[in-house]
Amino acid sequence: MEDYIEIKDLKISFKSYDGQKRVVDIDELKIAKGEAYGLVGESGSGKSVLALSLLKLLTEPPAVIESGSIRIGNLNILPKSEREMENIRGKKIAMIFQDPMSTLNPVFTVGQQIIKVIAKNQNLKGKQARQKALEMIELVKLPDAEQIMEKYPHELSGGQRQRVIIAIALACGAEFLIADEPTRNLDVTIQAGILKLLAELQKTLKVTVLFIANNLSLVSLTCRRIGLLYHGQIVEQGEVREILDHPVHPYTKTLLQPLPQTEEEKEAVRRSLSVQENADQGCPYQFRCPRAEEICKKEMPPVHQIGENHEVHCHFLEEGESAR
Amino acid sequence: MKNFIIKRILLGVVVLLGVVAITFVVTRVIPSNPALQWVGSRATAEQIAAAEEELGLNKPIPVQLGIYLNDMLHGDLGYSLKSHRPVVDEIMENLPPTLELVLLGTIFAIVAGMALGVLTASHKNKWQDHLGRFFSVGSVSLPTFWVALLLQLLFYGVLKLLPIGGRLSMDAQLFGQVPDVTGFLLLDCLLTGNFSVFGDALSHLILPCITLALYPTGMVARMTRSALLEILNEDYIKAAQSYGIKRKIILWKYALKNSLGPTVTVVTLSVGYTLVNTFLVESVFNWPGLGSYISDAVMNMDYPAIMGVTLFSACAYVVLNMIADIVVALDPRVRI
Amino acid sequence: MNRLKTALKPRIHKWRTNFYLLRKNKLTFLSLLFIILLVVVAIFAPLLAPHPEHIMEMTNPSEKLLPPSGEYWFGTDELGRDIFSRILYGTRISLLASLAAVGLAMLIGIPLGALAGYKGGWIDNVIMRICDIFLSFPSLLLAIVIAAFAGPSLKNALIAIAISWWPWYARIVRGQAISLKERQFVRASRAIGNTQGKIIFQHIVPNCMAPVIVQASLDFGSIILTLASLSFLGLGAQAPTPEWGLMINTSKTYFLNAWWYSVFPGIAIFLAVLAFNLIGDGLREIMDPRTRNR
């Protein structure tokens, strides 16, 4: 399958009084057309920054894109001007933001917000735009679409709002959708509904999706391939089954571990969390890695291909892993 | 929500009572001989005695306050020393021209101030921003009475474009059949279709209006700028951008509407300032309104008149603020 | 040692940033210089004025309403007095009167605020509600009535300003006092049996002064403006005092033929008020971390 999205050598930093701090450093990330790709990492790993950079929505400064290229379809994003981006955003790429409380504008009704997006991206007006808006609300399985249209965001529940946000993003008619932790601020019971909806919509509408989450179990339901992001770098990526069954990178393993039970296990977690420094050199995971050695502090880990669809960035491979 | 409104109205009533109490203290307790002030320095001994009787100065202070309050509630603000007519009547006569100025000045300030606010916020830290911010600090630092004189000097003295003062030219007053329906001259002219008088009245309005609008323009511009900068950082603005909505539309339609809440508050605050500024400006422009009335009263030491206008403006200000607070709290479109 | 360093780091960092921001903000810096200049002029006005004898009562009818010239930089007024000298002298009056008004407002506001904050309960409630009522007036309006009923004079004008201004300081001090009264040194003072009055004036008030003084310097521009406005209405300084607002009031009759008479005193008011307001604006910018990076 042809790669629809290709990110190469992307380095993004943030400037502050203390100097620059690298937050995204990706060698290569490819997503095929119609595929759902999951990106997993803890908060602060640079997921959202990466998402915003795909839309060229990072505030520069303080953000600085040092190098790299982003290709989406046949568009080379980074050199585009703001005016060109206004026509790409929405029409080609749309984004579902993480906080349903703050993503909707409080002073407009839901209907006004959807219709505005439809009018901009699909050139529909008046009744037609309204009709389309109703369809969109029905598409995300909200009952009483007519009523929902007239409501202000604060009159809706969190789950309803997130569905509205998805409806607005879909109303753009984009072929590429970025979902940035769409279930982050929702109750667990509502999360499942939203995830199911997203998975269904992805299949029926055949859009390409970049799904960002802080939790492996969330992406495992919706995505075919996943990547694990640590301090802005991808440490392991591959097919979701493969990674869940045979995690290789120590970071992935920690994420997949059950909750710590014994005192010893808890202490280990605490120790690993106490270090939050950025590595100037070597492996980004060196401070928290249980099996870090001298080499990890000095050299960037190489990329190991394990099997057809599985790669890992680590100096050490378990016996037999490379053979598979 | 209901609780908030009831609370706010109660607070308004308490503040109104407080306002009355303060004016009472100022008029009856601070002066060494209030009766003398109430009838003027050239009064006879009998007149002073009568005033003492009328004001109840021989009664204990709390009783005096009760009488005072009772009079207020019945709309009795005493009689003007100069004209010997009820102060309430004179206030009502002088109110429409002043309201005309305040309203038009405020509308001008809202439009100009918001435009300036958007311009400065969208060009943050560029020269437009620096210039705009300098203007908004400058406009609140200008003595309005001086601005009035400067504008007269420029537009009447040098350019000879606009009349120096008054509400109508002599010609219009004599031959123009000045309409009187509501007391708002511009509105009356439109209602009766009298366009020659309308033009004349408008030309007289421009300078006082601009003078009064300067201060609130600066306030609104400043508020709009800071509110916009805050709002432009919100997630929903990023979201709107990600749907491909154009920056211009985001600024003028989305964000501006979000900044309405704080702007409403600033506008009502500045209406109070504008009203008090008419006291300084109207006499310069010879504008026949409340401001000229009170500056005449100050000149003639016409205490009941000073008192009446003060009480009236203070109450208007308190009520206006109360309404603004309730509107802001009620309407989801201005609430943030 | 290392721990101490890391603890100190953000503090030093903060001060350095503040100073950096002050220097970066040229307008604020310039305003500061201008205010220093004003103070110098106010102190040395009699020495600096080219015609010190023109300041108060003096008539020189042969030279009345002369336009600006080498002899009279800002022209002369209707009595033939040098406007430049009078404006220089007016600096002294405006600054001194405003300072007195602010001082008086503090004198009322600080003890009341400290009392409200320290005692709490109904005393706090009553004082704060009174503040609310005062603040619900436009301050100029209140000053106008007070000045009118107390009788027009510079002294009464500044008393009137102080009365309409004190609640601002009372509010600030109250907030400070509430947090101070739980502090160790106040508790200790109570434990050794000091009276409440002593505690308020020895411990609470001195520790509240910093924020009050900052606020006062922010208010100074508005106070100068209010004073000039009162004088313009005839409720402040009386002739022949060379007060800026009063000068403009007198100039009303002559200004179409003698523009300099109105223009220069107005510029003086504007620049003085502007300088204080710009400093206020700059300080707010520096102190409010939310606006800092914008």
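Predicted model: local features only at pLDDT ≥ 70, side-chain atom pairs only at ≥ 80, totals over all residues.
I'll start with the contact of chains A and B. On the chain B side, 17 residues are in contact with 25 residues of chain A. Two helices of chain B, helix 11 at 235-242 and helix 12 at 247-258, each supply at least two residues of the side that touches chain A. Helix 11 of chain B has the largest share of that side, with six residues. By class, the chain B side divides into seven nonpolar, four polar and six charged residues.

Staying in chain B, next is a helix pair. Helix 5, residues 87-122, packs with helix 14, residues 290-300, and the two axes are 7 Å apart at an angle of about 130 degrees. Because of that angle, helix 5 of chain B counts as oblique to helix 14 of chain B. Which residues of the two helices meet? From helix 5 of chain B they are B:Glu90, B:Ile91, B:Asn94, B:Leu95 and B:Thr98, and from helix 14 of chain B they are B:Leu290, B:Gly291 and B:Tyr293. This contact has four nonpolar, three polar and one charged residues. On helices in general, there are 3.6 residues a turn in an α-helix, so residues three or four places apart point the same way.

Now chain C. Helix 9 of chain C, residues 244-251, is mostly covered, with seven of its eight residues buried. The buried ones are C:Trp244, C:Gly245, C:Leu246, C:Met247, C:Ile248, C:Asn249 and C:Ser251.

Last, two residues of chain A. A:Lys80 sits in the loop between strand 5 (75-76) and helix 2 (82-88) of chain A. Why does A:Lys80 count as partly exposed? Because A:Lys80 has 15 C-beta neighbours inside 10 Å, and a residue is buried at 20 or more and exposed at 12 or fewer. Leaving aside neighbours within four places in sequence, A:Lys80 is in contact with A:Lys56, A:Met85 and A:Ile88. A:Lys56 is 24 residues from A:Lys80 along the chain, and their C-alpha atoms are separated by 8.7 Å.

The other residue is A:Pro250, in helix 10 of chain A, residues 250-256. A:Pro250 is buried, because 21 other C-beta atoms lie within 10 Å. Not counting residues up to four places away in sequence, A:Pro250 touches A:Tyr285, A:Cys289, A:Pro290 and A:Arg291. The C-alpha atoms of A:Pro250 and A:Gln202, which are 48 residues apart along the chain, are separated by 31 Å.

Terms used: Residues numbered from 1 in each chain as written. Chains lettered and ligands numbered in written order. Contact = placed C-beta atoms within 7 Å. Helix = DSSP H or I, 4+ residues; strand = E, 2+ residues; numbered from the N terminus. Nonpolar A, V, L, I, M, F, W, Y, C, P; charged D, E, K, R; others polar. Axes fitted to C-alpha atoms, helices over the stretch in contact; angles between N-to-C directions. Parallel < 35°, antiparallel > 145°, perpendicular 65-115°, else oblique.
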